[in-house]
Amino acid sequence: ETNITAVIVLYNVTNTIFQCLKNLKDIDIIIADNGDNDPNVVEIIKKQKNIIKYFKFNKNIGFGRACNFCLNYVETDYCLLIEPDVFMKKNDILKLKDSFAKYPEAGILVPTLIDQSNKIIDKLDNIPELKQLEKKNKSENFFSGDVCVNFCWAAVMLINVSIIRKVGLFNKKIFIFWEDFYLCRKLKQLRVPIIKIFKARA
């Protein structure tokens, strides 16, 4: 029992998702289908035994609202939001989850991003009003341990469900692209940490 539920939002999804699903084979998955997907791909997705709920919306309700909707059905302590083109091995997901024991006050833990040759491509981004911090901090791409961050991409994040339910997930008025900025800004204002876990890779 991983105590994690994964949430994947589908829109115009490609075969790439099959690698993502393969990595999640031991984790319960909730799918939000925002439409415009290849019916053949959807048919194969629906055959995955670990998909516990599959929601098909009549229209594209946007990424944030779809995640918010699925969160209502999460019964585990942790929820992995992951986009179909993000690959994260089970071992790395468990490293992320186990880090909550070290950082119980964190709302979100995120992995370190790598490319296909395992090279770290991550950098410590900031929300727009803190961009000046990036200019001051010339070593933004070099971190060698866990680090508290001001911003993380919504493409992959492990959330502490009870904390995020209290503060809210995404702003339902934002249709696409800015929901992660809004969420990170809100957590910063509330002093809820977002921590990048160096040894967990995606």
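These legends describe close-up views of one predicted model. Local features need pLDDT of at least 70, side-chain atom pairs count only at pLDDT 80 or more, and totals for chains, interfaces and linings use all residues. Residues are numbered from 1 along each chain as its sequence is written, and side-chain values use heavy atoms, with hydrogens and water left out.

**View 1. Strand 5 and its two partners.**
Strand 5 covers residues 108-112. Helices (H or I, at least four residues) and strands (E, at least two) are DSSP runs, numbered from the N terminus. Five of the five residues of strand 5 are buried, so the strand is largely enclosed by the rest of the structure. Buried means under 20% relative accessible area, exposed over 50%, and partly exposed in between, with a 1.4 Å probe and protein chains only. Strand 5 runs antiparallel to strand 7 (residues 156-160), joined by two bridges. With strand 8 (residues 194-201), strand 5 pairs in the parallel sense over five bridges. Two strands pair if DSSP finds at least two bridges between them. Ile 108 has a partner on each side: Ile 159 in strand 7 and Ile 194 in strand 8.

**View 2. Helix 3 and the cysteines.**
Helix 3 spans residues 63-71 and is mostly covered, with seven of its nine residues buried. Among them are Phe 63, Cys 67, Cys 70 and Leu 71. Cys 67 has a relative accessible area of 2%. Cys 20 is buried as well, at 1% relative accessibility. The whole structure holds zero disulfides. A disulfide is a pair of cysteine sulfur atoms within 2.5 Å. Cys 67 is in no disulfide either, and its nearest cysteine sulfur, that of Cys 70, is 6.8 Å away.

**View 3. Leu 10 and its surroundings.**
Leu 10 lies in strand 1 (residues 4-10). Leu 10 is buried, with a relative accessible area of 0%. Leaving aside neighbours within four places in sequence, its contacts include Ile 17, Ile 31, Asp 33, Ile 45, Tyr 54 and Pro 84. Contact means heavy atoms within 4.5 Å. Trp 153 is 143 residues from Leu 10 along the chain, and their C-alpha atoms are separated by 17 Å.

**View 4. The largest pocket.**
This pocket holds about 670 Å³ of space. Of its 30 lining residues, Phe 87, Leu 113, Ile 114, Arg 201 and Ala 202 are the closest to its centre. On a 1 Å grid over the protein atoms alone, a pocket is an open set of points where a 1.4 Å probe fits, with protein on both sides within 12 Å along at least five of seven lines; lining residues have an atom within 4 Å of a point. Grid points are joined across faces, edges and corners, and a volume is the space filled by probe spheres set on the points. Helix 1 (17-23), strand 5 and strand 8 each supply at least two lining residues.

**View 5. The second largest pocket.**
The second largest pocket has a volume of about 520 Å³. Its lining has 22 residues, and those closest to the centre are Val 9, Tyr 11, Phe 63, Glu 83 and Ile 176. Strand 1 and helix 7 (179-189) each supply at least two residues of this lining.
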